[in-house]
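Please look over the sequence and the structure before reading on.

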Amino acid sequence: MDKKQYADVAVPAPWPRWALVLTIAMVVLGVAWELVLQPLREGSTLWIKVLPLVLMLPGLIRARVRSFQGMALLIWLYICEALVRVVSDSATEIALSVVWLLLGLALFSVVSMGSRASRRIAAQVAAGDSPSESALRQ
């Protein structure tokens, strides 16, 4: 299958919607965590860590395969951060880290399944078949 054909296939529903919801949840939690809930110190700019997630939003909205693939790689940075911070002292920090970790793992699962579904559709298109209705829903 040609890489160009695969890149032209949009990620089928419901994966873009779920990826968008989870990414927005991570952005909101990341900003709230670093500015209000448990800032590292007064005036910390650690909330900037969510900017790569914000930059992925347009591609997720458009259900672009490349954005889903990029998010599958990027999310591991946030998962690693959650794993490091989960061993901190404060109970609030631990709770926030666990939520961050669960959101990251859920987002990775969603973008992986979305990428897999789009690959199946691209393979059907390359074989000359029209994608079935069930493949579009998966």
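## A nonpolar patch on the surface

In this predicted model, helix α2 supplies the largest share of a nonpolar surface patch, namely three residues. The patch is formed by Leu35, Val36, Leu37, Trp47, Ile48, Leu51 and Val54, which together have about 590 Å² of accessible area, and the elements that contribute two or more residues to the patch are α2 (15–37) and α3 (51–61).

One of the patch residues, Leu51, lies in helix α3. Leu51 has a relative accessibility of 39% and therefore counts as partly exposed, a class that falls between the limits of 20% for buried and 50% for exposed.

## The largest nonpolar core

The largest nonpolar core has 30 residues, and those with the most contacts inside this core are Met26, Met71, Trp100 and Leu107. At least two residues come from each of α2, α3, α4 (65–85) and α5 (91–126), with α4 giving the largest share, nine residues.

When neighbours within four places in sequence are left aside, Met26 is in contact with Val50, Leu53, Ile75, Tyr78, Trp100, Leu103, Gly104 and Leu107.

## A buried lysine in a loop

Lys49 is placed in the loop between α2 and α3. Its relative accessible area is 16%, so Lys49 is buried, since the limit for that class is under 20%.

The side chains of Lys49 and Glu34 are joined by a polar contact of 2.9 Å. Not counting residues up to four places away in sequence, Lys49 touches Trp33, Glu34, Tyr78, Glu81, Arg85 and Trp100.

Technical notes:
Residues are numbered from 1 along each chain as its sequence is written. This is a predicted model: local features need pLDDT of at least 70, side-chain atom pairs count only at pLDDT 80 or more; totals for chains, interfaces and linings use all residues. Side-chain values use heavy atoms; hydrogens and water are left out. Patches are made of residues with over 30% relative accessible area and no salt bridge: like charges are joined within 9 Å, nonpolar side chains (Val, Leu, Ile, Met, Phe, Trp, Tyr) within 5 Å. Accessible areas come from the Shrake-Rupley method with a 1.4 Å probe; for residues, only the protein chains shown count as cover. A salt bridge is a side-chain nitrogen of Lys or Arg within 4 Å of a carboxyl oxygen of Asp or Glu. Helices (H or I, at least four residues) and strands (E, at least two) are DSSP runs, numbered from the N terminus. Buried means under 20% relative accessible area, exposed over 50%, partly exposed in between (1.4 Å probe, protein chains only). A nonpolar core is a set of buried Ala, Val, Leu, Ile, Met, Phe, Trp, Tyr and Cys residues joined through side-chain atoms within 4.5 Å. Contact means heavy atoms within 4.5 Å. A polar contact is a pair of N or O atoms within 3.5 Å; within protein, one must be able to donate a hydrogen and the other to accept it, and residues adjacent in sequence count only if both atoms are side-chain atoms.
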